[in-house]
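User: I am new to this structure and would like to go through it with you. Could we begin once it is displayed?

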Amino acid sequence: MTDTADAIRVPTVEDEARFWALVEAAWERLGPEPAALRRALATRDPEADDVDPYAIDDWLDPFLASLRALCAELSGRELTDLDRVVERKLHDIDREDVHEVTDGSDDGFLYCRGWIVALGREFYEAVRADPAMAVLDADCEEMCYLFAHLHEERFGQWPDTGSGISRESTSNAAGWAAS
């Protein structure tokens, strides 16, 4: 690709598939208990009070360590591609209707969106389809920049995703059109 072609890049289907496969692999290493919690969160009735959404928080640090380990040998390009996927996923749920459920400052809303992504594709898609599935004040800051930090640690610089979008809160104009 030329520099011009790289100016605006979107995640490929393969990049997205690889991202979600890595997230699932990282969770699978932790056993059946977090799998059951994530499934319960993704399929719960948000009006009911029968699932503790914060029970998964005890598993986030082991999940993130597992994900980091799975990605330890990836190339700079691979880490950049994965960071672009995270950036897009965070951007796509940067919406007022999701924020109404999660609450929080700009940073708090970003970290909550990181939590949504960290829980995996099933939960992420559930929230995209029905923002009521989101959770008040959830937090997984590290997920928001995990691949960028890995890139910086290994290659000495922050990756340039070339996406033309931002993961920061309220940057998705279409998601905040009513504001």
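User: Why is H7 largely enclosed by the rest of the structure?

Analyst: Because 10 of the 13 residues of H7 are buried, this helix is largely enclosed by the rest of the structure. Buried means under 20% relative accessible area with a 1.4 Å probe, protein chains only. Helices are DSSP runs of H or I with at least four residues, numbered from the N terminus. The model is predicted, so local features need pLDDT of at least 70 and side-chain atom pairs 80 or more, while totals for chains, interfaces and linings use all residues. Residues are numbered from 1 along each chain as its sequence is written, and side-chain values use heavy atoms, without hydrogens and water.

User: Which residues of H7 are buried?

Analyst: Among them are Phe109, Leu110, Arg113 and Trp115.

User: What comes just after H7?

Analyst: Gly120, which takes a positive phi of about 110°.

User: Which residues have the most contacts inside the largest nonpolar core?

Analyst: They are Phe19, Phe63, Trp115, Met143 and Phe147, in a core of 49 residues. Such a core joins buried Ala, Val, Leu, Ile, Met, Phe, Trp, Tyr and Cys residues through side-chain atoms within 4.5 Å.

User: Which helix gives the most to this core?

Analyst: H7 does, with 8 residues.

User: Changing topic, where does pLDDT stay under 50?

Analyst: Over residues 1-6. pLDDT is the predictor's confidence in each residue, from 0 to 100. Where it is low, the predicted coordinates should not be read in detail. The mean for the protein is 94.

Methods: Buried means under 20% relative accessible area, exposed over 50%, partly exposed in between (1.4 Å probe, protein chains only). Helices (H or I, at least four residues) and strands (E, at least two) are DSSP runs, numbered from the N terminus. Contact means heavy atoms within 4.5 Å.
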